[in-house]
Amino acid sequence: MVKKLLILTAFLAIILSCGESIIPDGPGSGVVDEDGNNYDTVLINGVEWMAENLKTTKLNDGTNIANITDSTEWDEASTAAYCWYENDISNKDISGALYNWYTVETDKLAPTGWHVATDAEWTALIEYMELIEGTEYVWTCLKSETRWASGREGEDTKGFKAVPGGSRGSGFSDGDSRAVWWSDTLGLDYPFGYSVHDYYTTANREEFPKLVGFSVRCVKD
């Protein structure tokens, strides 16, 4: 604990020496998407994040995103598409929508004035949480206190409310045990995504095929 406090003190001293103001972590101002859905937001390390998974069915220019329910059609899609987990709209308010990366690729998925979180922003969030909480506690502190399997719940100390939204490939999987979010950033072959499983305390950063359906978090411009 003493070592952690010394590191954090040094980190803050560097920021102050550079003449930068420190924005306290805490609630953000909120945001509304093209569908009229209201989202809580949260400030973490000076960055304003959505505190909920995106659930819009429209791009920010008003264009409808295709709602694909058929597994074969989903696998063959090469344009923007979304679905609800297990094609059940009751999951909308709980875990948001699952989007293929072709939707992210439009650069119109986030509400106006916001953008889909970048690979660099996800990395910075995790590194900041490692600094103040310790590597083994990052996702304990970001995971929600509900929805995860018994004994695997988080503490949600930042109000980030990371919930298990599952994923969609040829079928649906891990709806109550895994959270996966797209970044808007391409890797060597595929886009980067970040995932956390209920029994892991760290996030996996890896490349995923564009056709897979994942959750999305947005960041204020």
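The model is predicted: local features need pLDDT of at least 70 and side-chain atom pairs count only at pLDDT 80 or more, whereas totals for chains, interfaces and linings use all residues. Residues are numbered from 1 along each chain as its sequence is written, and side-chain values use heavy atoms, with hydrogens and water left out.

Glu-121 belongs to helix H5, residues 119–133 (helices are DSSP runs of H or I with at least four residues, strands runs of E with at least two, numbered from the N terminus). Glu-121 is buried but has no salt bridge, and Arg-217, the nearest side chain of opposite charge, is 12 Å away. Buried means under 20% relative accessible area with a 1.4 Å probe, protein chains only; a salt bridge requires a side-chain nitrogen of Lys or Arg within 4 Å of a carboxyl oxygen of Asp or Glu. For charge, Lys and Arg count as positive and Asp and Glu as negative, while His and the chain ends are not counted.

Helix H5 lies across E12, E13 and E14, running at about 130° to E12 (axes are lines fitted to C-alpha atoms, for helices over the stretch in contact, that is, heavy atoms within 4.5 Å, and angles run from 0 to 180 degrees between N-to-C directions). These strands form an open antiparallel sheet in the order E12-E13-E14.

Key:
Buried means under 20% relative accessible area, exposed over 50%, partly exposed in between (1.4 Å probe, protein chains only). Two strands pair if DSSP finds at least two bridges between them.
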